[in-house]
Amino acid sequence: MKQLTGSEILIECLKKEGVKHIFGYPGGVVLNIFDFLYDDKDIKLILTRHEQGAVHAADGYARATGKPGVVLVTSGPGATNTVTGIATASMDSVPLVVITGQVPTMLIGNDAFQEADIVGITRPCTKHNYLVKDVNELAVVIKEAFHIAVSGRPGPVLIDLPKDVTAGKTDFVWPEKIQLAGYKPRYEGNKWMINQAAHMIEKSRKPVIVAGGGVIISGAHKELRELAEHAQIPVTTTLMGIGCFPGTNRLCLGMPGMHGTYYANKAIQESDLLIALGMRFDDRVTGKTDSFAPNASIIHIDIDPTSIRKNVRVDIPIVGDVRKVLTALNKMIKTEPSSKAQWQEIRKAWLKQIDAWKRERPLTYTRSDEVIKPQAVVEKIYELTRGDAIITTEVGQNQMWAAQFYKYDKPRTFISSGGLGTMGFGFPAAIGVQLAFPDKLVIDIAGDGSIQMNIQELATAVLNRLPVKVAILNNGYLGMVRQWQELFYGERYSHTALDVVPDFVKVAESYGAVGLRASKPSEVEDVLREGLFKVKKTVFMDFAVDWREKVYPMVPAGAPIDHMLFEEQEARQEKKKGLRAVK
Amino acid sequence: MRHTITLLVENRFGVLSRISGLFSGRGYNIESLSVGEEIDPRYSQMTIVTSGDDLIIEQITKQLNKLVDVIKVTDVTEFEHVEREMVLIKVTPRPEKKAEVLNLAGIFRGRVVDSSESSYTIEITGDEKKVDAFIGLMKPMGIKDLVRTGKVAILREGLKK
């Protein structure tokens with residue numbers, strides 16, 4: 001048998017795993033690997049301009065496709081620069097395989113040049129990680145890493161590869177099977193529990209489904225729709241769950257929680273049964289947990305046992321894959337009452353109540369002809385694309401408005417850093433998405449703060465001819481933090497004014513991308529039409545938006561989710577204070 | 001409430017750090033932790049004594065189970081089990097108390113494993129109560145040094161609570 005080096009084995013293994021793209025950045029200890037990538041025909045390395053950008057790009061690629069994203073970087077600073085990206089993926093259950101170079105095994109522990117204990121550093125933010133000390137272990141480790149990354153509750157796996165391992169030679173044997181005694185995710189839910197859940201759903205009068213990212217990951221959107229439409233149950237989708245249930249469906253309540261809709265939060269608080277699917281009761285969803293859904297029994301279906309009973313009490317815990325559990329549940333529920341009409345009759349009062357809430361307080365904002373409202377930009381993007389685009393977001397106000405004012409009908413069309421809330425995520429993520437779907441319209445809805453955190457990736461987008469569209473809602477502030485300061489810190493705007501914001505049009509142009517700007521409401525549509533449809537290159541669209549605009553409704557941190565602040569309350573207070581009404 | 005949890009884990013570098021990191025990262029207590037190789041050298045056996053209410057203990061066992069290197073988690077507190085700990089105590093009694101020290105060590109089935117003109121080092125094995133009782137008795141004698149192994153625990157065979 002022909003012996004291969006560690007670098008060749010790595011590349012062979014990646015091919016066996018079906019990897020077409022790697023996001024990465026070279027450096028001293030990964031030179032052997034990069035040398036083999038130089039003339040490889042099957043695997044393309046996308047050179048980003050920062051390792052963090054590489055991880056977010058791989059993350060976007062993974063979220064959009066469901067396949068694992070692969071990253072290759074060097075040791076030391078190359079490895080530590082991946083940490084934010086890895087933690088982002090870990091919180092949002094995104095499958096990644098991150099390969100970091102390491103100093104030669106004989107130098108490990110000696111504080112060698114560009115040495116960092118990346119396995120130690122990433123232990124708490126990876127699903128699992130490896131330091132490969134022997135080239136003979138390499139193929140098995142890679143196979144295990146991919147298996148762990150994509151199975152169960154997905155997550156990032158890191159492989160640390162010392163330079164001598166990349167050069168060491170051995171027989172290459174692709175392991176057909178792997179054995180992991182301590183890793184056996186449970187996919188099938190407990191039958192008895194599912195049966196109990198079906199009974200509860202049949203008995204309930206005011207049920208609500210809270211659908212999270214797990215529905216998208218397990219591909220359960222059809223099964224969810226079947227359950228919701230058959231048993232006439234309204235659905236609220238968490239930030240991570242957006243798109244798993246059509247935003248245009250009458251039963252859709254939008255997002256719950258801190259910036260959720262009035263009707264989603266009301267429905268949860270009034271419900272007698274909460275059906276939680278692939279979500280983990282994050283504090284941004286529950287508000288004060290003691291007063292969360294006070295009258296409801298809770299059915300919680302999740303593949304990760306640690307998600308269950310971590311934050312809220314649960315009556316029916318079901319550990320399993322959402323899709324498999326829903327398939328079983330749907331069969332049981334169909335039996336009785338057997339027809340949709342009967343369910344409609346049963347749910348009439350509840351759905352009427354929900355429609356009343358929807359009419360009482362729809363998602364809204366005060367429109368203006370004088371100044372561009374950020375929400376209006378998002379709405380216009382929706383109108384022009386007719387929802388046929390993949391949206392990524394940065395973090396903060398831009399993210400919430402993108403979640404509130406654009407309707408997502410398909411899974412994997414809204415890509416956002418939910419758990420970690422990583423500014424600078426959206427643009428590199430959009431690059432990864434565009435690479436996976438070259439013909440799709442990919443739009444990053446950004447803020448002027450966030451976009452500056454990975455703005456260097458303009459080079460990556462331009463170089464690879466990726467026509468990513470970036471809509472910058474430019475208010476000159478770190479808007480979400482400024483909003484908290486205004487509402488809860490007596491308008492003391494400590495370090496949230498950015499003061500110097502670059503000319504994004506010129507920045508884009510200097511990288512060889514296209515820059516467009518809208519300063520008045522009348523220019524918004526033209527800029528969007530030009531940027532989204534006419535220009536076939538990477539575009540920055542800079543919208544000078546109303547800096548006073550805030551995200552509403554808002555539940556103050558730690559309050560019950562039906563204690564919401566609304567825009568008109570703010571206007572009333574402004575009047576009381578004798579100030580000019582802002583709206 | 002206190003719980004004693006035993007773990008069967010892969011005998012690999014970094015496993016201890018994964019487990020201790022889990023406890024520190026999520027703010028759980030470790031009262032004691034002991035670890036040693038299993039019969040099969042590919043595995044190690046760990047005993048962790050921790051505390052928390054039922055929900056916390058449930059999270060601890062679930063989080064431990066989630067680690068890829070952890071093969072089996074048993075909260076032995078829920079079952080009939082035997083717990084033991086070993087302590088080495090170096091005492092420096094006044095001459096007139098030397099006989100009493102030896103006598104007490106005998107009563108507790110301790111062994112003198114080292115002695116000098118002014119000191120005895122005594123090995124005591126037992127459950128927590130016994131060990132604590134012996135330490136209490138030695139305090140007035142003058143304890144110079146004390147080391148404990150932390151608890152190890154094993155299920156009783158065929159007896160479930």
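The model is predicted, so local features need pLDDT of at least 70, side-chain atom pairs count only at pLDDT 80 or more, and totals for chains, interfaces and linings use all residues. Residues are numbered from 1 along each chain as its sequence is written, while chains are lettered from A and ligands numbered from 1 in the order in which they are written. The model scores ipTM 0.91 and pTM 0.95. Chain B has a mean pLDDT of 95, with 98% of its residues at 70 or more; pLDDT is the predictor's confidence in each residue, from 0 to 100.

In chain B, the domain assignment gives domain 1 (2-79) and domain 2 (83-153), with bounds from an automatic or database assignment. Their centres, taken over C-alpha atoms, are 29 Å apart. Eight residues from domain 1 of chain B and six residues from domain 2 of chain B form the contact (C-beta atoms, placed from the backbone, within 7 Å).

On the domain 1 side, strands E1 (2-10), E2 (32-37) and E3 (43-51) of chain B each supply at least two residues; strands are DSSP runs (E, at least two residues), as helices are (H or I, at least four), numbered from the N terminus. E2(B) gives the largest share, three residues.

In chain A, the axes of helix H3 (residues 51-65) and helix H18 (residues 426-436) come within 6 Å and cross at roughly 50 degrees. Axes are lines fitted to C-alpha atoms, for helices over the stretch in contact, and angles run from 0 to 180 degrees between N-to-C directions. H3(A) and H18(A) are therefore oblique to each other (under 35 degrees is roughly parallel, over 145 roughly antiparallel, 65 to 115 roughly perpendicular and the rest oblique).

Notes: Contact = placed C-beta atoms within 7 Å.
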